[in-house]
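Subject: Structure handover

Hello,

Please find the structure below. My notes on its pockets and on one helix follow.

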Amino acid sequence: MSFIVAITDYVFPSLEPERAVLEPLGVELRPQQCRSEEEIIALAQDVDAILNCYAKMTARVIERLKRCRIIARYGIGVDNVDLTAAGKAKILVTNVPDYCIDEVSDHALALLLALARRTVAADVAVKAGAWDVVAHAEIHRLRGRTLGLIGFGKIAKALASKVQPLGMRVLVYDPYLEPMIIAHHGVEAVGLDKLLAEADAISIHVPLSPETRNLIGQRELARMKSTAFVINTSRGGIVDEQALAVALKEDRLGGAALDVLSVEPPPPGHPLRQAPNIILTPHLAFYSRESVIELQTKAAEEVARALKGEPPRSPVNPEVLTR
C-alpha cells in the first residue's frame with residue numbers, strides 16, 4: 001500500500017531525513033512552502049499524513065482533510081495547530097518535545113551573556129570608530145546576580161544547570177509544578193511578582209496559549225528592576241512587544257534579547273527595530289545541524305508509526321487514540 005504525506009512548509013536544507021524514514025513504507029512526499037489556507041488545502045486535502053512547520057493549521061484547513069491520520073509538528077509548540085478541530089476530525093497531533101534542549105538553552109545563555117557583557121553594543125561601537133570603555137561602564141558581573149525562569153520544562157532546567165556554575169541564583173515561576181520538584185534542581189520556586197521584583201534577568205520558557213499571551217506586559221515590566229534584562233527564546237506573543245519597546249526607550253529596562261516575535265520577520269516599522277539595548281535573532285535558537293536532523297527524523301518517525309497503526313511517541317491530543 002502506498003501513502004501520500006504532505007509537508008506544508010519547512011526551513012531545512014534537505015528533506016533526506018524524511019525520505020530515509022518514509023520512502024521504505026511506499027510514501028510519496030509532497031513538499032511545499034504554503035503561505036495560506038488555500039495553498040494548504042490544495043496540497044493536503046487528500047493526503048494520509050501531514051508534516052507541518054510554521055504554516056497555520058486552522059479549523060478551516062483541518063475540516064477539509066479527507067483522510068489525514070496525523071499532523072506531525074516539526075517542533076515543540078503546537079500553537080499553530082487548532083487542536084480542537086483536530087480532535088473533532090479524529091486527527092492525531094504530535095510534536096517533538098526533546099530535540100533542541102541544548103541548542104535553545106545555549107542560545108538563551110548566549111543572549112544573557114551578550115546583554116550582560118554588552119558585546120553586541122561594543123562591537124557596533126568599535127566598527128563605527130569608537131574605542132571607549134567608559135561608554136560600557138554599567139557592566140556588572142553575573143556572579144551573585146539572579147536569573148528568573150518563567151516556566152521550568154526541559155530547556156529551563158538545562159539553562160539553570162548552565163548558569164549555576166557562573167554563580168547565579170535562580171528563581172522559578174511555574175504554577176504547574178510543585179515547589180519541592182523545583183527545589184530538587186537547586187533553584188527556588190516563587191510567585192511571579194517576587195520573580196519580577198528580584199530578578200536581574202528573566203528568561204521565558206512557556207508555550208504560547210491564551211493564558212500566556214502578553215504574560216509580560218506593561219504591568220510586569222513596571223515591576224522589574226530598571227537594570228533588568230528580558231530574554232525570550234520561547235514564542236512571540238508572550239511578551240507585549242509595544243510595551244517592551246516603550247520600556248526600553250524610556251530607559252526603564254536594562255535590555256532585552258528576543259529570538260521570537262509575534263510577526264516573523266518583523267515589518268520595517270516594528271517598534272523593536274528602533275528600540276535601544278535590544279538584540280534580535282531570527283528564530284534560530286532551535287538550530288544546529290544535529291538538532292535539525294534529529295527534528296526531521298523524529299517527526300517523520302511519528303508519521304511512520306501512524307501509517308503503520310503503531311502508538312505515537314509524543315501525542316499532543318492523546319484522547320484521539322481512544323476513539
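Among the helices, α7 contributes most to the lining of the largest pocket, with three residues. (Helices are DSSP runs of H or I with at least four residues, strands are runs of E with at least two, both numbered from the N terminus.) The model is predicted, so local features need pLDDT of at least 70 and side-chain atom pairs pLDDT 80 or more, while totals for chains, interfaces and linings use all residues. Residues are numbered from 1 along each chain as its sequence is written, and side-chain values use heavy atoms, without hydrogens and water.

The volume of the largest pocket is about 1,100 Å³. Of its 48 lining residues, I76, H205, V206, P207 and S234 are the closest to the centre. A pocket here is an open set of points on a 1 Å grid over the protein atoms alone, where a 1.4 Å probe fits, with protein on both sides within 12 Å along at least five of seven lines; lining residues have an atom within 4 Å of a point. Volume is the space filled by probe spheres set on the points, which are joined across faces, edges and corners.

The second largest pocket has a volume of about 910 Å³. Y54, L261, V263, E264 and H283 are the closest to its centre, out of 36 lining residues.

After α11 comes D251, with a positive phi near 60°.

Regards
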